[in-house]
Amino acid sequence: MTSRRDFLKVTGAAGAGLVLGLRLEAKPRPGETTGRPFHPNAYLAIRPDGMAVLTVPKSEMGQGVRTSLPLVIAEELDLDWSRVELTQAMPGPEFRHLGTGGSTSVSTTWTTLRNAGAAAREMLVGAAAKAWGVPPGQCRTEKGFVLGPGGRKSGYGELAEAAAKLPLPKAPKLKAPSEFRLLGRPTRRVDGAKIVTGKAMYGLDVRRPGQRFAAVLRCPVAGGTPKAWDAGKAQAVRGVKAVVQVPSGLAVIAESTWAAFKGRDALAATVTWDEGPNRDFNSKGHEDRMRTALGGPAEAARTTGAAAPALAASARLVEAEYAFPFQAHTTMEPMNATAHIRPDGAELWMGTQGPNAAQERAAAAVGLKPGAVAVNVTLLGGGFGRRSGTDFSTEATEVAKAAGGGPIQVVWSREDDLHHDQFHPATLHRLKAGLDGQGGLAAWSHRIAGGAVLRSWLGGKKAPGQAETEANGAWDIPYDIPALDISYAEVEVPVALGWWRAIEIVPNVFARECFLDEVAHAAGKDPLAYRLELLGKRGKVKMGEEDVDIGRLRRVLELAAAKAGWGQPLPKGRGLGLACHAYDRRTYLAAVAEVSVAKGQLRVHRVVAAVDCGIVLNPDHLVGQVEGGVAWGVSALFSQVTFEKGRAVQDNFDTFPVLRLPEMPQVEVHTVASGEAPSGMGEPPVPVTLPAVLNAVFAATGKRLRRLPVTSADLA
Amino acid sequence: MPAFQITVNGRRRSVDVDADTPLLWVLRDTLGLTGTKFGCGRGICGACTVHQDGKAVRSCQVSAKEAAGSAIVTIEGLSKEGSHPVQRAWLEEDVAQCGYCQPGMIMTASALLAAHPRPTDGQIDEVIGDHICRCGSYPRIRKAIHRAANGGAK
């Protein structure tokens, strides 16, 4: 937690009432005193009028952090939730870890925010107790007030100035979850009213004084550059101001978005490209390379016992190849960023999941120190990992620098957004299972071949532990199998790669849980019973550096199966399939899907999910995350990105279909009550959804689908 | 270049733009009404939906010339302070996740209810089926439309 000295150094004197750019002094209400705000740490301030100003240290992309994180502070601080204002944190010395992703927003801020709220509460109580001459232990707090013996009552605003003079508590007392009054309730989203009236501000809605707009013409082949072009054709378009070159291509600067797009179209007709070294990249060739890599050297992600001889000696060997394609994000709001270069620094406005990284890379691109780049994080019209990318914000900074003048908003069309996504890489999986004479699973081998996302994000540098990262979901297979061989073979990809909701865990769990169903079938066992048998009655099992609680995984598996009616007769043509996973060794889920297939069409009727993610901050938003993850997973069954001649083939929602309302399954969510610390739910529902559906297809039709996307030919 | 006269949210506006400028960009850039969203530019996703003379239309597919002389209502003008039954129902059901697609959804839902006060699931499927949400808010959208149709009751 910030020390008092650090706090004063960063914000200057506390007396001005201007902290972190906030105007904290306000006209006092009748009966209230003027005074100084109470700002004991970076996350909260109490104004003299009693309004609490809370700072949100994660980006809002629909996962609900602008509601849940401030609620954590409000809970420990006993605030009146109706007297809370929010500000969005900006990267800087007080906020070095604003990166939002990995389903970690609550889990990584839980303790910090609780302590921030609890410390402030103790100081306010201390101030009241001192003023009343009573022991702090005889005081309590409720909805923004300290209450003392004899009916004494003081609002936090009144106490703000006195509280600010007290020392910061080193170890404030936190509430027991049983004492929670705000957390655990279905609190509505804070931005709801703005959203439904069109007042919510996303990156694309930023309008700065004197703002121009830009569209960037990028070579359709990754790594290609413009050789020749006629800027005059663009400049002849009404509203176009200039054409400037930046590393990513040619930026057409205009007075409006439409003029920028029109100018770019005119420019595009004149450009000759040097398509560069990747002009022959295509999906078929890439798949051939992945298949070759499956048979070549690979890096071990996890090795237990001796799988190769065990497989060779097995009574029955089951073997299969699974294929997962390149995927795109297609956030509803296409990429965009607004940048303003000033003599002394720069300012950016965009939806970003990586404010700190965006700040650093934008600064480096234009020769500034990171501290000279102010990053304003707007609402995100979808993130899903795409907005962890810094490409679009760095590009906007470069455009603004090259163009000179005031702020410029670089807008990506949907075609730009699809063609220049940071794609989820395709992977090919080879799985082998060795059964003994009694159907027991003696050995399991899972080799994955494909591009490495983290390496792409690091600009080609290989991170330590790459194999484990790319095999996440495969190496942490929770079943008790005596011999395991999980490995990864990297295959280079010339296009940008990025984190896509649940990342490598999606294809790895898809392959694993579908193949396990194949093995169960080969062993003549029911998929549920087989999984329970393989999980065994173990408690906590060490996996890498972490403990996985097999009991919690069994519980969600049994719960999902029971609620879905596993084993009960179904109408003809319907089937149930299931899958389970301990997501990143911390959130436990199982899903059962009910499907039917008719005339080459797959209908997912229902997905029953059982989840255990520790303490639930908002049960309604938890359901929303499961609904969203299921929707994402079902959608992914039917789409892909393919490449020909170095270009992505798909360019809009007609060629890259996504899930529509009539296709959305009914989603039932059953939550296991838990006292464990919150462990995240943004991504976990995705990886179990795909295999649950595909296993259900097998149950309904006898067809085993091992390649995605699913086509009607597969189902005919 | 002649200006186009368009009534937007009850106010007569005169916009000096190219005839082929999509209404979407007239609203967002010329008139500063950013509540109507850009999602695909091809009329596929529905994020840009507004009302033109009472009908739900995709503003990225309506040119300034085609909008001239008509009455446009955007999400900002749908009601006074979010009081439309659809907006109220959207809040009651806490429909939105990221919220970006929701203005378009709300404009389509309000037009649906104006024509069919008690829509069936099939009618909801038909109109909302032409919209895209990437966050998975679909189940709540359906519930909210029924709720608005039931006068706000569940």
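Good morning. D16(B) is partly exposed, with a relative accessible area of 45%. I begin with this residue, in what is a predicted model, and I will follow its contact into the interface between the two chains.

D16(B) forms a salt bridge with R238(A), and the closest N and O atoms of the pair are 3.0 Å apart. D16(B) sits in the loop between strand 2 and helix 1 of chain B, while R238(A) sits in the loop between helix 6 and strand 12 of chain A, so this pair joins two chains. R238(A) is likewise partly exposed, at a relative accessible area of 37%.

Let us now consider the interface as a whole. On one side, 59 residues of chain A are in contact with 51 residues of chain B. The area buried between chain A and chain B is about 4,600 Å², and carbon and sulfur atoms give 55% of that area. How many salt bridges are counted between chain A and chain B? The count is 12. One of them is formed by E415(A) and R42(B), whose closest N and O atoms are 3.4 Å apart.

Which helices of chain A each supply at least two residues of the side that touches chain B? They are helix 5, helix 7, helix 12 and helix 18. The largest share, 10 residues, comes from helix 18 of chain A. Sorted by class, the side of chain A that touches chain B has 27 nonpolar, 18 polar and 14 charged residues.

The side chains of R140(B) and D620(A) meet at 3.0 Å, N to O. This pair crosses between chains, from helix 6 of chain B, residues 138-149, to helix 18 of chain A. Is R140(B) buried or exposed? At 6% relative accessibility, R140(B) counts as buried, because the cut-off for that word is under 20%. D620(A), by contrast, is partly exposed, with a relative accessible area of 23%.

I turn next to salt bridges in general. A search of the whole structure finds 59 of them over all chains. Among them is the pair R512(A) and E513(A), whose side chains meet at 3.0 Å, N to O. R512(A) counts as buried at 0% relative accessibility, and E513(A) is buried with a relative accessible area of 0%. Elsewhere in chain A, salt bridges link E75(A), D78(A), R121(A), R140(A), E142(A), K175(A) and R181(A) in a network.

At 10% relative accessibility, N356(A) counts as buried. The side chain of N356(A) reaches the backbone oxygen of R96(A) at 3.3 Å, and a polar atom of that side chain lies 2.9 Å from the backbone nitrogen of L98(A). Leaving out residues up to four places away in sequence, N356(A) touches several residues, including P91(A), F95(A) and H97(A).

The other is P685(A), in helix 19 of chain A. P685(A) is buried, with a relative accessible area of 2%. Beyond its neighbours within four places in sequence, P685(A) is in contact with L589(A), Q625(A), V626(A), G629(A) and V630(A).

Some backbone details follow. Most residues other than glycine have a negative phi, and most peptide bonds are trans. D584(A) has a positive phi, near 50 degrees; D584(A) lies in the loop between strand 26 and strand 27 of chain A. N9(B) also has a positive phi, near 50 degrees, and lies in the loop between strand 1 and strand 2 of chain B. A cis peptide bond joins L708(A) and P709(A), with omega about 5 degrees.

Finally, chain B itself. The secondary structure of chain B comes to 6 helices and 5 strands, in the order β-β-α-β-β-α-β-α-α-α-α from the N terminus. For 154 residues, a compact globule would have a radius of gyration near 15 Å, and the 15 Å of chain B agrees with that. Of these 154 residues, 61% count as buried. Among contacts in chain B with a separation of 6 or more, 55% come from residues 24 or more positions apart.

Thank you for your attention.

Technical notes: Residues numbered from 1 in each chain as written. Chains lettered and ligands numbered in written order. Predicted model: local features only at pLDDT ≥ 70, side-chain atom pairs only at ≥ 80, totals over all residues. Heavy atoms only, no water. Contact = heavy atoms within 4.5 Å. Buried area = accessible area lost by both parts, 1.4 Å probe. Salt bridge = Lys/Arg side-chain N within 4 Å of Asp/Glu carboxyl O. Helix = DSSP H or I, 4+ residues; strand = E, 2+ residues; numbered from the N terminus. Nonpolar A, V, L, I, M, F, W, Y, C, P; charged D, E, K, R; others polar. Buried < 20%, exposed > 50% of the residue type's maximum accessible area, 1.4 Å probe, protein only. Rg over C-alpha atoms; globule rule 2.2 N^0.38 Å. Polar contact = N/O pair within 3.5 Å; in protein donor to acceptor, adjacent residues only side chain to side chain.
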